[in-house]
Amino acid sequence: MAVKDRVPVPELEPSVRKGNFLEVSQGYTFELAHQEAQRCLQCKVPTCVSGCPVGIDIPGFIKEIIKGNLKKSYEILKSYNYLPAICGRVCPQEVQCEGACVLNKIGKPINIGALERFVADFASQEGFEDEVGRLSFSEGISKELGNAPRKLTDLRSKKVAVVGSGPAGLTAASELGKLGVQVHVYEALHEFGGVLVYGIPEFRLPKEIVRREVLQLETLGVELIKNIPVGYAIHPKELLEKYDAVFIGVGAGTPKFMGIPGSELNGVYSANEFLTRVNLMKAYKFPEYDTPIKVGKRVVVVGGGNTAMDAARSALRLGAQVTVVYRRTEAEMPARRAEIHHAKEEGIEFLFLTNPVRYIGNETGKLVGVECIRMELGDPDESGRRRPVPVANSNFVIEADVVIEAIGTESNRFLLNQFPDLKTNKYGYIVTNEYGQTSIPKVFAGGDIVTGSATVILAMGAGKKAAEGIVKFLVY
Amino acid sequence: MSKIPKNTILSKQRLAKATYEFWIDNALVAENAKPGQFVIIRTSEKGERIPITIADTQENAFRIVVKAVGKSTIELCMKNAGEQLYDIVGPLGKPSEIDCYGDVLIIGGGVGIAAILPIAKALKNAGNKVRVILGAKTSTELILQDEFSFADKLVICTDDGSEGIKGTVVDGMMEEFNLENPNVIWSVGPAPMMKATSMIAAQYGIPIWVSLNAIMVDGTGMCGGCRVLIRKEENGVTKEEIKYVCVDGPEFDGRYVDWESFIRRLQQYKEEEQKALERFLEEVGDISWL
Ligand SMILES: Cc1cc2nc3c(=O)[nH]c(=O)nc-3n(C[C@H](O)[C@H](O)[C@H](O)COP(=O)(O)OP(=O)(O)OC[C@H]3O[C@@H](n4cnc5c(N)ncnc54)[C@H](O)[C@@H]3O)c2cc1C
Ligand SMILES: Cc1cc2nc3c(=O)[nH]c(=O)nc-3n(C[C@H](O)[C@H](O)[C@H](O)COP(=O)(O)OP(=O)(O)OC[C@H]3O[C@@H](n4cnc5c(N)ncnc54)[C@H](O)[C@@H]3O)c2cc1C
Ligand code: SF4
Ligand code: FES
């Protein structure tokens, strides 16, 4: 008989975690994971799998936890998902696997994310991570090569450049690396991982874990090269000449601003800047680390996605009193539910149906307040969500030292400006076929630069699909 | 990849008080850099990412000129030949628009002189008549003056009159305007200098390229911290646009830059910078020799 309630995941108390950047979720122990795994019905037609963007054999890996065979469990996970310790922590499981789990009908779904994370962390602790990593081929590629084993030798002489080391690039690199392809990953920043290192904060995804999963690539013979702005230090023409194929995974990157009056005031940040200063540059340890950040006493965060939650919770940890303003209602917030829940527990205030219209500065050009207007929900827009419309004469001012806009990103032109032949759509994202192939046959692309801002797992899925595409392209 | 940069300092030379020239081993930057572009440097594992203009290149190395103004630039200026810099990324930014314009006036102030050197050379090679104005507080702070011998005319301005015209580059600029208006101007130096020269260029309706020294983080268009407000009048309506200095610049037509907010944004971290500096000085002691 299925147990209705989930085994809770140990977490740091809100009062403890508010003052530091330690990981909030402590993860299952083996005993807890084992208990939670036993709730799984091992469905013949597992709906959870259909909810997973990369189709992980979820009952399969859970069954091995029940049996206590964690190595096998890890092998299963790893053959579908190269970054399980990361995905277990950051995937929006409630709208994917867990959202599709049959147990939703009678109670709470299996905590698939926490189980995935547990198995991945265990693999690292026990040291079988690398060994399994080398051997786990993705299904698509295995099929491809199963028909023609000789082609594996051909692949070893091929060279592929991967531009960008976010989840899309890392996954493409790992898939190709496992086949013996010579892969060079180029990253513009001084750390690998893309949003995983500059965007998602330490308290949600410790950077040590990203580093661990990234370094595993080196055991596959993949060469990781940082500080290389492709398009500037290496011209696209040179890439096309030197490599047999190229994968572009440069992310969506460029922050949007609302463009309301006062955006140039000191104290107005994009979430990307705020988070990059905090995460990549470790401004939360200033002055031990050189990069400063302004927080002040009161911070207003604009937006309702993961980025907004990450910015709000980071500002809180830096000592500010934080208000999130979001123009729709809580139900429409795109952030992971767990993060909204955590943010509330930590004492962040939410003002729904509210939108800023102007930033107010003092005589020295420093932000002192955010003028907002109340909104109400009107008719549904093209996304099906009811469109927020301003309520006339409902303006009010929130005092603030810092405002952080987290209203989304757009196509990063940094590389694309140097790559004029590459076909893009009207939003500036790269156009590809289902295998990530672009208008230039030897150039493939995937992740946020193709879809616009999405998720880690979708970027990984795209990297994997493109690796398949590249293999096909290289051997035929 | 064969050319992975080592970022070793090949040579170091003191040009003026607290101002140093470095040649750094980095083939990727050396081969790809064009006038107007910059690199971002981190001097240590805990360091800030600071942008510095590429002042020249040779086969496998490039040259920078750095003025020690705060923690990171002091730390950089204290490095010696043989040492390695932690991270260097570049070239970044859009290159200068080198073309044959006819008569070009080039103005450099402070370390901005290093930034205009490659631009001036390229403009000369493109067939322009090149007039150069260099400015400094006093003659001992004037740098690289000997390297401008290719210029059709070289004017020096010092605040104290210790060399050339007694006055700022703006005085020099007005004198040149009295002789003949240039077709286009480049002006690189401290923000107030770029602002002042831009105001004059605007009065005369002459395009003026300035290289904005905005505070940056990534330098790849990802954070928006380097943003600047560009304000243009078109058919009687004022159009305001947010531009990113690292990818849309660093050069902009100074006539359209909102200087007030730009200069204010440079002051954003004054208190923190002071704190970092004091802490650093406690560690390294007296640096008046720099
Ligand atoms: C704050 C924040 C929180 C998020 N939280 C979640 C979450 O909880 N769950 C989730 O699933 N998703 C989350 N996302 C979304 C997710 O992180 C992204 O969808 C995903 O990282 C996209 O991966 P990518 O590989 O396409 O690109 P990115 O992760 O953006 O990586 C691109 C990389 O390419 C590099 N690059 C760019 N141009 C060049 C160049 N010319 N040369 C060399 N390198 C270059 C960049 O520096 C970067 O490192 C979040 C995003 C943000 C910003
Ligand atoms: C495109 C560009 C090219 C530049 N070229 C040169 C050059 O060739 N030689 C040179 O000496 N300097 C150059 N600079 C300026 C140099 O980057 C700053 O002097 C340096 O970052 C100051 O750091 P600091 O820690 O020493 O001083 P701080 O005490 O931190 O700051 C002193 C002042 O420098 C500016 N500054 C601070 N942090 C940054 C940052 N991360 N990015 C940019 N500016 C900052 C601020 O206005 C600040 O008030 C350039 C700047 C830009 C944007
Ligand atoms: S749907 Fe839920 S109960 Fe069924 S196999 Fe998947 S996780 Fe287990
Ligand atoms: S420095 Fe981050 S966008 Fe320019």
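Which polar backbone atom is 3.2 Å from an oxygen atom of ligand 1? The atom belongs to Ala454(A). This is a predicted model, in which local features need pLDDT of at least 70, side-chain atom pairs count only at pLDDT 80 or more, and totals for chains, interfaces and linings use all residues. Residues are numbered from 1 along each chain as its sequence is written, chains are lettered from A and ligands numbered from 1 in the order in which they are written, and side-chain values use heavy atoms, with hydrogens and water left out.

## Ligand 1 and chain A

Taken alone, ligand 1 exposes 1000 Å², of which the protein buries 96%; accessible areas come from the Shrake-Rupley method with a 1.4 Å probe, and for residues only the protein chains shown count as cover. Among the elements of chain A, α12 (167-178), α17 (306-317), α19 (413-416) and α21 (456-475) each give two or more residues to the shell around this ligand. Helices (H or I, at least four residues) and strands (E, at least two) are DSSP runs, numbered from the N terminus. The greatest contribution is that of α17(A), with 3 residues.

The shell consists of 36 residues, and the closest are Val90(A), Ala168(A), Glu187(A), Arg204(A) and Asp448(A); a residue is near a molecule or strand if one of its heavy atoms lies within 4 Å of it. By class, 20 of the shell residues are nonpolar, 11 polar and 5 charged. Here Ala, Val, Leu, Ile, Met, Phe, Trp, Tyr, Cys and Pro count as nonpolar, Asp, Glu, Lys and Arg as charged, and the others, Gly among them, as polar.

UniProt, in an unreviewed entry, places the feature "domain: FAD/NAD(P)-binding" at residues 158-463 of chain A; such positions are given in the numbering used here, feature names are shortened, and annotations may be inferred rather than shown by experiment. Over residues 158-463 the chain is 26% helix and 25% strand, and the end C-alpha atoms are 18 Å apart.

## Polar contacts of both ligands

A polar contact is a pair of N or O atoms within 3.5 Å; within protein, one must be able to donate a hydrogen and the other to accept it, and residues adjacent in sequence count only if both atoms are side-chain atoms.

| Residue, part | Ligand atom | Distance |
|---|---|---|
| Ala188(A), backbone | ligand 1, nitrogen | 3.1 Å |
| Asp448(A), backbone | ligand 1, oxygen | 2.8 Å |
| Gly70(B), backbone | ligand 2, oxygen | 3.2 Å |
| Thr73(B), side chain | ligand 2, oxygen | 2.4 Å |
| Glu273(B), side chain | ligand 2, oxygen | 3.2 Å |

## Ligand 2 and the strands of chain B

Ligand 2 on its own exposes 860 Å², and the protein buries 89% of that. Two or more residues each come from β4, β6 and α2 (71-77) of chain B, and β4(B) gives the most, with 4 residues. Of the 23 residues around this ligand, the closest are Pro51(B), Thr53(B), Val65(B), Lys67(B) and Thr73(B).

Strand β3 (residues 38-42) of chain B pairs with β4(B) in the antiparallel sense over 4 bridges, with Thr53(B) as the bridge partner of Phe38(B); two strands pair if DSSP finds at least two bridges between them.

Strand β6 (residues 61-67) of chain B pairs with β2 (residues 19-25) in the antiparallel sense over 7 bridges.
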